[in-house]
Amino acid sequence: MDMPSPVRVRLAPSPTGPIHAGTLHTGLFNWLYARSLGGTFVLRLEDTDQERSRPEWEEVIYQEMRWLGLDWDEGPDIGGNYGPYRQMERLDTYRDSARRLLEAGHAYYCYCTPEELEAERQEAQKKGVVYQYSRKCRNLTAEDRRRREDEGRKPVIRFRVPDGEKVVFDDLIRGLIETPTDSIGDFIIVRSNGIPIYNFAVVIDDVTMKITHVIRGEGHISNTPQQLLIYQALGLEPPRLGHIGHILGKDRAKLSKRNGDAYVGDYRERGYLPEALLNFMALLGWTPEDGQEFLTKEEMIRQFKLDRVTRAPSVFDPDKLDWMNGNYIRNLSLDELARRSLPFLQKQGLMTDALQPADWDRMVKIMATVQERIRTLAEVPGMTEFFFRDELTIDPDAAKLLTEQSRAWLGQVRDRLAVVEVFDAVQTEAACRAFVEENGLKAKAVFQPIRVAVTGRTVSPPLFESMALLGREKTLRRLDSVR
RNA sequence: GGCGCCAUGGUCUAGAGGCCUAGGACACCACCCUUUCAAGGUGGUAACACGGGUUCGAAUCCCGUUGGCGCUACCA
């Protein structure tokens, strides 16, 4: 038996909305890292933004994570030895650490109001100077403080940033990164309402949860010096830090609703398979040693190495996701494809919950006609609609093919189909081809009108398979109805 | 503006000084297959941002420039 790995990583989303593609990306990398090393994957909720955090988003986060198959070992819902796992339930812990910083002189109370701070900023702006907090409250006497308290002011707690130093850390995937402390102002660690600010809470959480490796988006690189300063002031050993590249939209800006789709739930609703989405996401900023493009989760885990993670941000290419999803769909068994398509058909009212075994059999056969033509499950209803509806609405453009001439042909084809012995793809095709040949026509000239009459469209699954599945009665009725 | 990160075709990337006439994949184009659309097959267009170094030799190392992005909040 191997010793359990001491590696502990975490994903710390904010329950302020549906889970974002970027969150999925860092979550996946953390998960892969933990799973590849037999470590622990912790889920923590950063809900200190009381304005935007909503409890209902929590459940959405769990659902999406489960849909993707990213399981966690500790979290708000399942507990663990280092809880609680919601920041708002950890206020006491932050308070203790804040007190220690205050007592050691690494932090101080600041009574400046948001308005006063805004005025400072305006002033700096006007002078064209770089703004940094004025440090006005850095050396307040007990008397000063009491006077402000009497005015009813509620203080924030600020970190006292040392002058003329350098904060250095060795990024797991970028190497040495150093920042002069002079470029950092005295930042707030606890709000006037007593709730900590992200940069402070994250340090306390990572330490108390014994997180060993922090893998997060590159946006956090510039937060790191502040966090390191806090570790230092508290005399704590920081975890190893690694920053992965962001995922960008087509316009090279951060992925959002404007430039592509942002939420995991959107992908599910648009018919992407979780395994395809995961595979695609894994290849954004990482390549396995052997360069393989299609990987199961197990293969990703086996091959995942932090030193093969790239530094540059990457643009999310929806076309490639579509291609990959199409590949995954083609590799599904027909039964599985039917099972996964069902919700999409139900949503369009094409199928009901109450499925008879016979319906299922037919459903599976229908799947066979579309499997290699779709890239997402959301395309299933549109492509198979004609199988399910009694009344067929013919696409206006397609209807143009129903000329007087082609209608005449359809009538004759209809009569031939009426007497076919077995109404299967082979015999219906033979009957139609016989008609074409005997009359010296082009197959396409006759088949397309038939397709329009039977499916309502110029583009459809294979014609004769479709007719066979539709059955003689319905097929003939459709041919009749366009005459 | 300050600080920081990044930089190979349109996109994801391989490449860790000579194996590079820069490889693969998506997309795109052409052809083949074909009753439509796909799928599949074959072929093709297309990149080391720029400028200096270092070196016998640089996509790979160093510096600068340019560009993109991030932080600079009582958001995370």
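Let me start with a cluster: ring pairs link Tyr 267, Tyr 272, Phe 280 and Phe 316. Keep in mind that this is a predicted model.

Now look at where the two residues sit. Phe 29 is in helix α1, residues 21-37. Phe 304 is in the loop between α10 (297-303) and β11 (314-315). They are 275 residues apart, so this pair links distant parts of the chain. Buried or exposed? Both Phe 29 and Phe 304 are buried.

Next pair: Tyr 62 and Trp 72. Here the ring centres lie 5.8 Å apart and the planes are at 20°, so this pair is stacked. The cut-off for stacked is under 30 degrees. Tyr 62 belongs to helix α2, residues 55-68. Trp 72 is in the loop between α2 and α3 (91-103). The pair therefore ties together parts that are 10 residues apart in sequence. Again, both residues are buried.

Rings also meet charges here. Which residue has its charged end over the ring of Tyr 133? That is Arg 158, at 3.6 Å from the ring centre. And Arg 268 lies over the face of Trp 67, at 5.8 Å from the ring centre.

Now stay with helix α2 for a moment. Which of its residues are buried? Glu 58, Ile 61, Tyr 62, Glu 64, Met 65 and Leu 68. Look at the spacing of those numbers, and recall the geometry. An α-helix has 3.6 residues a turn, so residues three or four places apart point the same way. What do the buried residues of α2 pack against? There are several partners: β1 (8-11), α1, β2 (40-43), α8 (264-269), α9 (274-282) and α10. After α2 comes Gly 69. Its phi is positive, near 80°.

On to strand β4, residues 156-159. In a regular strand the side chains alternate between the two faces of the sheet. Find that in the structure above. Val 156 and Arg 158 point one way. Ile 157 and Phe 159 point the other way. All of these are buried.

Which strands pair with β4? Strand β3, residues 107-110, is one: the sense is antiparallel, over four bridges. There, Tyr 108 has Arg 158 as its bridge partner. Strand β7, residues 188-190, is also antiparallel to β4, over two bridges. In that pairing, Ile 157 stands opposite Val 190.

Finally, zoom out. Chain A has 20 helices and 11 strands. Its radius of gyration is 31 Å, well over the 23 Å that the globule rule gives for 483 residues, so the chain is more spread out than a compact globule. The C-alpha atoms fill a box of roughly 105 × 60 × 40 Å along the principal axes. Buried residues make up 48% of the 483. Of the contacts with a separation of 6 or more, 73% come from residues 24 or more positions apart. The accessible surface is about 23900 Å², and 49% of that belongs to carbon and sulfur atoms.

Note on methods. Residues numbered from 1 in each chain as written. Chains lettered and ligands numbered in written order. Predicted model: local features only at pLDDT ≥ 70, side-chain atom pairs only at ≥ 80, totals over all residues. Heavy atoms only, no water. Buried < 20%, exposed > 50% of the residue type's maximum accessible area, 1.4 Å probe, protein only. Phe/Tyr/Trp six-rings, centres within 6.5 Å; stacked < 30°, edge-to-face > 60°. Lys NZ or Arg CZ within 6 Å of the ring centre and 35° of its normal. Contact = heavy atoms within 4.5 Å. Rg over C-alpha atoms; globule rule 2.2 N^0.38 Å. Areas by Shrake-Rupley, 256 points an atom, 1.4 Å probe, with all protein chains shown as cover. Pairing = 2+ DSSP bridges.
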